[in-house]
Amino acid sequence: MLDAYAHVFTGGLPWILLGTATGIFVGSIPGLSGAMVISLALPMTYFMSGSDALLLLVSMYVGATTGGLVSATLMRMPGTEAAIMTTLDGYPMAARGEPGRALGIGVLASFIGGMLAWVILALLSPPLSVVAVRFGPYEIFAMTVVALSLIAAISRGSLLAGLMAAGLGALVSLPGIDPISGTLRLTFGFSGLDTGFALLPVLLGTLVVAQVFVDCRTPSAPPPPRGEAARVAMHIRDVTRYAWSYVRASVIGAWIGILPGVGGTTASIAAYSVEKAMAKGPERFGRGAEEGVIASEAANNAGTVGALVPLITLGIPGSVITAVLLGAMVIHNLNPGPLLFAENPGIAHTVIGGALAANLAMLLIMWLATPLLARLMYVRKAWLLPGIVIFCVIGAFSVSNRWLDVGVMLAFAALGYLMHRARIPTGPFIIAYILTPMAEQNLRSGLVVYDGSFLPLLTRPVPALFLLIALGSIIWALAGELRSRRAQRAAIQPPPGTAPGHENR
Amino acid sequence: MPTLKAALCATAIGLGTAIAGPALAEFPERPVKLIVPFGAGGGSDGLARAIQAGIEKHDLLPVPFVVVNAPGAAGTVGTRQVLGAEPDGYTLLQIHQEMFAAAALGRVDYAPDDFEPVIQASRGCMFVAVPEGSEYRTLDDLMAAAKAAPGGLKQADDIGSATHFPSAQLMSQAGTEWRIVPTGGTSKRFAALKGGFADLAFMSTPWLTRGKGELRPLAALGEERFPEMPDLPTAQEQGYDVTACLARRYWAPKGTPPEAVEAVADAIEAAMGTEEVQAYLEASGEDAAVLRGDALRAAIEADYGSYLDVLDVVKATSGQ
């Protein structure tokens, strides 16, 4: 075990630094995803030792999850899928003149989330993985419902628009192969739709390219506050003041990461919804709430590290990227699976140590590199925006090696732009689009497992508890909506008695 | 002087043939592209990358051999890219029976006949697994339980996939049916078994060792017993005529010239002997199983036929 750690911090260190830096760089560029760079790097690791290959890939994974926060905060374009929620509060913070502090909070949250999850990974991996596999289809379905109920919460003030956007997002996720019957649905005989609307083109279109369109129309960016953006402002008081937010988001993120098949993006959505429900003054969320950035960034990094738990204890990948990591372990003959800890503890500890080292390297590199990345994002729009579109085209094309996905991306860019003009929020759209397939697959699998009965959703304790939380959060959001409507009406119509002249007429 | 003239003539003739020659016979003049219709890191990708490494390292082709991942819709997105490619031997496909599953179910408008088979490289057979704590100790136990309560057993699998069909073969051999719980690849199936959400699953051979203490293998699903577990009888020995082996095969677009098919098949067959591919086979638990020409065609026909035979059972055990 100590040998493994010693290697991580000596011979493996160059790979950690290379991997983390590459991951951060790729993650910070909208269009290039962590999954993409790790897939590209995989064949190159064939010529490395198994443990060095894992160190490189794990640190790329950690770096890519973190890098997304820079463009999410400064440009409102999530650099990676996991940074979607960061745009909601990071960008408003930057826009009101605190970009350095927003970045600082994001970087610290990433680091703290990663470290807290690492402690869980190092201490509790084997017992947690046993609990995680007991999480069956109905448990995961109920959990996605909790995350979906966030739609109601973040649409406050415009519930109808939010629900419309969510309905559209759910609809967009439906075409393709039906998960239960194995037949095609809603493809209208067009074979290009057999795989549905793929994640990356939809994401890049609605969130990144649409934002490029918006930026093209606004004559000039808010003047870059030079002194502020040039540094990452990390303050101890931002840690102490929001200490519980860090802890909550990290624990939620780590646990969701541990669940097989659920990754960092869902983790950040769920943590954000919990944080908003617990916060004092939830109306600040979406307008630059510090806790929003903390929840998103702590949870996605914690989820990244958490996803390593089922990977090293059971050989089960928790996300797209960990599936590639599993492939790397097979290729390097490391025989992943439940026996890894018993038969090849060196490898398990290499992964654990690698996650620790990558988190430390991430903090260092983000501290040094974020000002540079930030400056990159404040160059003239005429140079920056075409570059981003080019990266998005490359990213969309590379999903399945075809132009159709580039067309899909442009179509969703148009849709995202129209939604922006119509003041329909894109957040609920993307959240519903990401979570609906997960909810459907698990609900319908559950129906097969439980003989077509919905009852276990209520009789099994965990799903019942989750559904109760979801119900509570929806009622709470509806009540809030009603209250704010009444307040609005009261503000428009002066109360009787204050305008006697009006009544006399 | 005459010697110089002769030399010039010879050079001219030589140049002429050098220019005219390649267009006629020398097949690879530009990079050969192999489409893998699945994502990076999986078994298909693993073999493709190993073959690529073998070919490149040992100069088995005079041109680069490029692997492109084109995942989507259970392999049909990448398959269509080869279906529509120029039949010149520069675009190839590597896919296992997932192609037959999609074609048999009518999910696509092409069939194996629309491609030119190039070579079969490797084969990995599966085994029937139940959780270690299961009450079923033999395949007969399990099948008796399935017959006693039709539709009662739950198998972790992927609906409409290349392993659903051999599962249906086992059902029709046992004369009963059970439920398919859609989970995904072998690691997800393992999670479903361990979590108690499924009773049985078809697993790949690496799980013989990986699943030690967690899984109980009941039957090998090859024609012969596994060398790594000689005590495990095959399903055929136990009276169920079922095999479930994923065969990784290479295909070219229909109408590809036979010389080009041969040249690529030669390179891939030679690559099978390199240490790069041998290391992959060792790690993945697959066996080299090279088939070419008529033997390959016969194997494909038998395989696809066996899929069509159980199509009704597959449809009956798919959800609505």
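## A guided tour from A:Phe111 to chain B

Select A:Phe111 first: beyond the neighbours within four places in sequence, A:Phe111 is in contact (C-beta atoms, placed from the backbone, within 7 Å) with A:Asn359, A:Met362 and A:Leu363. This is a predicted model, in which local features need pLDDT of at least 70 and side-chain atom pairs count only at pLDDT 80 or more, while totals for chains, interfaces and linings use all residues. Residues are numbered from 1 along each chain as its sequence is written, and chains are lettered from A and ligands numbered from 1 in the order in which they are written.

Show the secondary structure next. A:Phe111 belongs to helix 6 of chain A, residues 99-133; helices (H or I, at least four residues) and strands (E, at least two) are DSSP runs, numbered from the N terminus. A:Phe111 counts as buried because 23 C-beta neighbours lie inside 10 Å. The cut-offs are 20 or more other C-beta atoms within 10 Å for buried, 12 or fewer for exposed, and partly exposed in between, with C-beta atoms placed from the backbone.

Now select chain B. Its secondary structure comprises 12 helices and 10 strands, and its C-alpha trace spans about 95 × 40 × 30 Å along the principal axes. Of the 320 residues in chain B, 52% are buried.

Display both chains together. Here 45 residues of chain B are in contact with 44 residues of chain A. On the chain B side, the elements giving two or more residues include helix 2 (43-57), strand 2 (65-69) and helix 7 (186-195). Helix 7 of chain B provides the largest share of that side, six residues. By class, the side of chain B that touches chain A has 17 nonpolar, 16 polar and 12 charged residues. Ala, Val, Leu, Ile, Met, Phe, Trp, Tyr, Cys and Pro count as nonpolar, Asp, Glu, Lys and Arg as charged, and the others, Gly among them, as polar.

Finally, colour chain B by domain: domain 1 covers 31-124 + 245-309 and domain 2 covers 131-243, with bounds from an automatic or database domain assignment. Their C-alpha centres lie 27 Å apart. Their contact takes 13 residues from domain 1 of chain B and 12 residues from domain 2 of chain B. On the domain 1 side, helix 4 (98-104), strand 9 (245-253) and helix 11 (293-309) of chain B each give two or more residues.

Technical notes
Contact = placed C-beta atoms within 7 Å.
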